[in-house]
Amino acid sequence: MRSATALAVVVPFGIDPESDLQIPLPIPGVKPVLPVPVERGPRPEAPLRERTSRFLQAVVEVLVGDRPARQLAGWLAPDVYRALERRVTLGARRAAGRRGNARVVSVHVSMISPTVAEVAGRFVHHRRSRAVAVRLELLPDHRDQPAWRCTALEWG
């Protein structure tokens, strides 16, 4: 019995199509086709992705002790800022001499709604991969202008 897929396969190089044997993969003489992600249409989160990449890099620099947490105070909700500051204070005692070389290597933005985005990222520090995730919400700033503010931060 042949499946619909088997009927659509062009059998190359003299392999008997009537046999019930499977065609060996990779098919001899045929270059494999690799799936490639293709982006179609406009990406509304593209500008946000660029900004969140820079924001995540700053957060990572705070986490590893290369940047003071107060530089991010304007972009963080008060409870998130306190948690980050507490982590930096505890981490500074533990990781003396382990600063530097942290870089964000991937960022993924998921738009939950037009005013809420969740961002997941991966960063490398001293040859170890770690994850960071933030929730950004479009909230009014001190001038009553909408601005993205980090309302949740997780790292591991």
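Modeller: Residues are numbered from 1 along each chain as its sequence is written. The model is predicted, so local features need pLDDT of at least 70, side-chain atom pairs count only at pLDDT 80 or more, and totals for chains, interfaces and linings use all residues; side-chain values use heavy atoms, with hydrogens and water left out.

Colleague: What makes a stretch of this protein a helix or a strand?

Modeller: Both are DSSP runs, numbered from the N terminus: a helix is H or I over at least four residues, a strand is E over at least two. The protein has three helices and four strands. Their order from the N terminus is α-α-α-β-β-β-β.

Colleague: Why is Pro 114 called exposed?

Modeller: Exposed means over 50% relative accessible area, buried means under 20%, and partly exposed is in between, with a 1.4 Å probe and protein chains only. Pro 114 has a relative accessible area of 69%, so Pro 114 is exposed. This residue sits in the loop between strand S1 (103–113) and strand S2 (116–125).

Colleague: What does Pro 114 touch, leaving out residues up to four places away in sequence?

Modeller: A contact means heavy atoms within 4.5 Å. On that basis Pro 114 touches Leu 138 and Trp 148. Pro 114 and Leu 138 are 24 residues apart in sequence, while their C-alpha atoms are 8.4 Å apart in space.

Colleague: How much of the protein is buried?

Modeller: Buried residues make up 26% of the 156 residues. Strand S2 is mostly covered, with seven of its ten residues buried. The protein exposes about 11,300 Å², and carbon and sulfur atoms supply 55% of that area. Such areas come from the Shrake-Rupley method with a 1.4 Å probe; for residues, only the protein chains shown count as cover.

Colleague: How do you know that S1 and S2 pair?

Modeller: Two strands pair if DSSP finds at least two bridges between them. Nine bridges join S1 to S2, so the two strands pair. They run antiparallel and form a hairpin with two residues between them.

Colleague: What is noted about phi in the loop between S2 and S3?

Modeller: Most residues other than glycine have a negative phi. His 126 has a positive phi of about 50° although it is not a glycine. His 126 lies in the loop between S2 and strand S3 (128–140). Arg 127 is in that loop too, and its phi is near 65°, again positive in a residue other than glycine.

Colleague: Are His 126 and Arg 127 buried, partly exposed or exposed?

Modeller: His 126 has 27% relative accessibility, a value between 20% and 50%, so His 126 counts as partly exposed. Arg 127 has 83%, which is over 50%, so Arg 127 is exposed.

Colleague: What makes Arg 135 and Glu 118 a salt bridge?

Modeller: A salt bridge is a side-chain nitrogen of Lys or Arg within 4 Å of a carboxyl oxygen of Asp or Glu. The closest N and O atoms of Arg 135 and Glu 118 are 2.6 Å apart, which is within 4 Å, so the pair is a salt bridge. Arg 135 lies in strand S3 and Glu 118 in strand S2, so the pair ties together parts that are 17 residues apart in sequence. Arg 135 is partly exposed at 27%, and Glu 118 is partly exposed at 35%. Glu 118, Arg 135 and Glu 137 are linked in a network of salt bridges.

Colleague: How many salt bridges does this rule give?

Modeller: The count is four. Among them is Glu 61 with Arg 67, where the closest N and O atoms are 2.8 Å apart. Another is Arg 143 with Asp 141, at 3.6 Å.

Colleague: Why is Asp 141 called buried?

Modeller: Asp 141 has a relative accessible area of 18%, which is under 20%, so Asp 141 is buried. Arg 143, its partner, has 57%, which is over 50%, so Arg 143 is exposed.
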